[in-house]
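Me: Could you take a close look at one part of this structure for me? I'd like the strands and how they pair up.

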Amino acid sequence: MSQSQTLPLKRHQDENPRDDDSSDIKPSRLKISLPSEDSDKKILIKRVKDVGICVPIVYGTIAFFLGRKASESQSHKWTVYVRGASNEDLSAVVKRVVFQLHPSFNNPTRVVESPPFEISECGWGEFEIAITLFFHSDACEKQLDLYHHLKLYPEDESGPQNTKRPVVIESYNEVVFPEPSEAFLARVQNHPAVVVPRLPDGLNLPSPVPVEPMNDKERGDTKDHPLNHWFLNFSEADELLKLAAARQQVQAHIVKLGRQLTLMEGLPQSKQPSG
Amino acid sequence: MDAKDILGLHKNSFPSSLDNKKSRPPKESQRKPDGISREVYALTGGMPPLMPSIDASQLKKKPPTHEKVTWQWLPFTNSARKDDLHLYHWVRVVNGVLPTGDYSFAKYNKSVDIIKYTDEEYEKYLTDPMWTKEETNELFDLCERFDLRFVVIADRFPSSRTVEELKDRYYSVLRAILLARAASSGDIATHPIIKEPYNVSQEMERKRALSMVLSQTRQQEKRDEEVLIEAKRIAELRMASKVTEQSQLAVASNADAELTERAVPGETVSPSNVQLPQMVVPSADNASTLASLRMLRVYLRTYALEQMVQASNATAGVRTIKRVEQTLQDLGVNLKPRVPTKAVCAEHLELRREILTWLNLQKQVQYKEAEGSSFRDGSYGETPGTPKDRTFIPDSLNFGGERVGKKDQKRKGHGAPPTAAHKRPRKQKASDL
């Protein structure tokens with residue numbers, strides 16, 4: 001097993017729970033489960049165990065102050081969106097996104113059926129936007145809810161707002177499918193938007209069936225999105241480094257205290273110099 | 001003054017043989033027996049008890065008897081005996097009247113009614129390839145003699161048969177006879193052996209299982225308990241998620257009832273991974289959280305992290321959790337990771353666990369220090385500063401202490417003077433002696 005892969009991708013090999021299946025042949029990796037959205041037709045879905053895949057996403061808002069063009073009721077123009085974390089096309093996984101805006105908006109329930117999954121509006125107030133992701137049926141029947149607070153005004157209230165500089169709030173997250181269906185896995189195993197661990201040997205997936213084609217737009221990625229130079233960069237490296245450093249510190253403390261304890265345990269009646 | 005009187009000492013004279021005479025009477029008068037002897041009285045400490053335990057004056061009194069009771073040595077017979085044995089015993093005779101009735105213990109001679117079958121009945125209903133007629137007769141005879149005490153019967157049985165075999169034969173015969181003799185099947189339907197016939201294999205299994213349980217080593221017991229706790233926890237978790245599933249089902253139209261129908265063989269997370277019993281609780285929490293996460297079709301990484309953090313916080317109190325969060329902040333780590341990838345979440349979780357360990361260690365060290373100082377503060381009645389204490393501390397300990405102190409100095413830059421000041425008085429006292 002190569003050590004070059006990062007920790008998460010090795011999961012399938014190392015972290016099998018100790019059930020009897022691990023040494024068996026391929027069929028045992030598959031589980032049969034019954035959806036019952038429609039209870040009349042019982043469709044058997046074959047799922048792949050221990051191959052959890054995830055889709056890194058970023059969602060958030062970008063808000064521009066309208067400056068001269070601003071009115072009482074419309075001081076800002078903002079966009080709320082969901083994008084792939086590295087600007088990949090999410091439509092392979094996400095079928096549609098529903099943005100629930102403040103009731104003061106017309107038709108506050110905005111449905112977006114194709115990428116880019118975003119809504120642009122004008123307004124004056126900050127509120128919480130509910131973003132619901134609906135996935136393709138082979139991926140997941142259940143929806144996933146996200147929440148984001150729309151921010152129009154920058155942290156430092158120094159002087160008038162700059163129309164050129166928007167207020168950008170983005171959140172990174174990962175949508176995890178712990179046990180994807182065979183069909184889904186076959187379809188997305190090489191898709192750039194999806195993180196797939198190394199598949200176990202002997203896993204035979206069916207040939208992928210493409211889902212409903214997108215609308216007239218050919219590409220659903222956001223690499224050339226007009227706002228993409230405002231997109232934030234989310235690198236796990238920094239956070240990993242910081243965490244590793246913190247862990248080292250804590251481990252050192254633990255070792256020191258451990259030594260102190262063993263010393264103390266040897267001598268019940270003496271007073272130790274406090275460390 | 002009284003003490004001197006008691007001792008027989010006069011103010012101006014030494015105790016002499018003359019005074020001995022005087023000393024005795026006062027001592028005697030101190031006795032206060034009142035119905036109990038002096039030795040017994042001394043058992044209470046020589047002083048009258050605070051509460052009157054028994055009224056001493058009552059002890060020597062005899063209960064009032066209006067009748068004339070004599071005891072006579074008389075013969076008796078026992079109706080429980082088959083022979084005509086005459087024995088003798090003491091009999092309490094009141095006013096010349098003998099007690100009547102049978103020997104008082106005769107009523108305890110109970111025995112079991114064993115059925116008797118005729119040869120004819122044997123030929124008709126009771127033949128069995130495994131049992132000869134002689135053996136069956138012998139069995140029933142022993143049953144009669146020993147009141148169905150099968151252990152004894154098994155021991156006495158001429159050919160070696162197990163208790164279960166004997167029981168099986170006896171009960172089958174009984175059953176067959178009862179069924180044959182009953183006028184209708186309804187008559188004896190309530191008889192216990194008809195309702196629940198003896199099941200040999202079940203009995204043997206049961207006894208084997210019992211002996212296994214009895215002979216389990218402590219380690220096995222512990223492991224079994226762990227497995228049971230684990231199973232219970234997973235079952236509860238599954239119930240809880242089933243309940244939430246069903247409530248969502250009512251709300252959302254496209255809720256997935258797949259989960260409830262899913263067979264989950266892999267979900268029995270075995271604690272066989274666990275070596276030490278102390279580790280069971282933390283890994284059990286994680287395992288069940290992981291299991292419940294796996295049951296979701298889709299979830300957010302942050303949600304998973306929250307669940308795992310909650311699981312590991314479950315054993316800690318509110319204050320500890322706050323301290324963990326404070327420590328995270330001090331270390332410059334976000335309480336919720338900014339880029340929650342799988343790796344980052346794993347590291348974050350591990351860091352939290354390590355902080356918990358660290359905090360626990362800190363607590364332990366504090367307790368030990370508190371213990372140590374309370375020991376020294378005269379819990380054994382010795383004054384704290386007694387040089388005697390210090391001599392028994394070998395000098396090597398001081399060096400050990402010194403070393404630790406120096407290590408700290410290197411790390412934290414503590415000044416040397418405080419530790420040295422501690423040492424000097426000790427060393428002086430040691431050398432004094």
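Which residue in β9(A) does A:I131 stand opposite?

Reply: A:I131 stands opposite A:L146 in β9(A). Before going on, a word on the ground rules: this is a predicted model, where local features need pLDDT of at least 70 and side-chain atom pairs count only at pLDDT 80 or more, while totals for chains, interfaces and linings use all residues. Residues are numbered from 1 along each chain as its sequence is written, chains are lettered from A and ligands numbered from 1 in the order in which they are written, and side-chain values use heavy atoms, leaving out hydrogens and water.

Now, the strands (DSSP runs of E, at least two residues, numbered from the N terminus). Strand β8 of chain A, residues 128–135, pairs with β9(A) in the antiparallel sense over six bridges; pairing takes at least two DSSP bridges between two strands. Strand β9 of chain A, residues 144–149, has two faces: A:L144, A:L146 and A:H148 make up the covered one, and A:D145, A:Y147 and A:H149 the uncovered one.

Then there's an open sheet of five strands, antiparallel in its pairing, running β7(A)-β4(A)-β3(A)-β10(A)-β3(B). β7 (117–123) of chain A and β3 (299–300) of chain B stand at the edges with a single partner strand each, so one side of each has no neighbour in the sheet. Within that order, β3 (residues 53–65) and β10 (residues 167–177) of chain A run antiparallel, joined by 11 bridges. One pairing to look up there is A:I57, whose bridge partner in β10(A) is A:N173.

Conventions. Helix = DSSP H or I, 4+ residues; strand = E, 2+ residues; numbered from the N terminus. Buried < 20%, exposed > 50% of the residue type's maximum accessible area, 1.4 Å probe, protein only.
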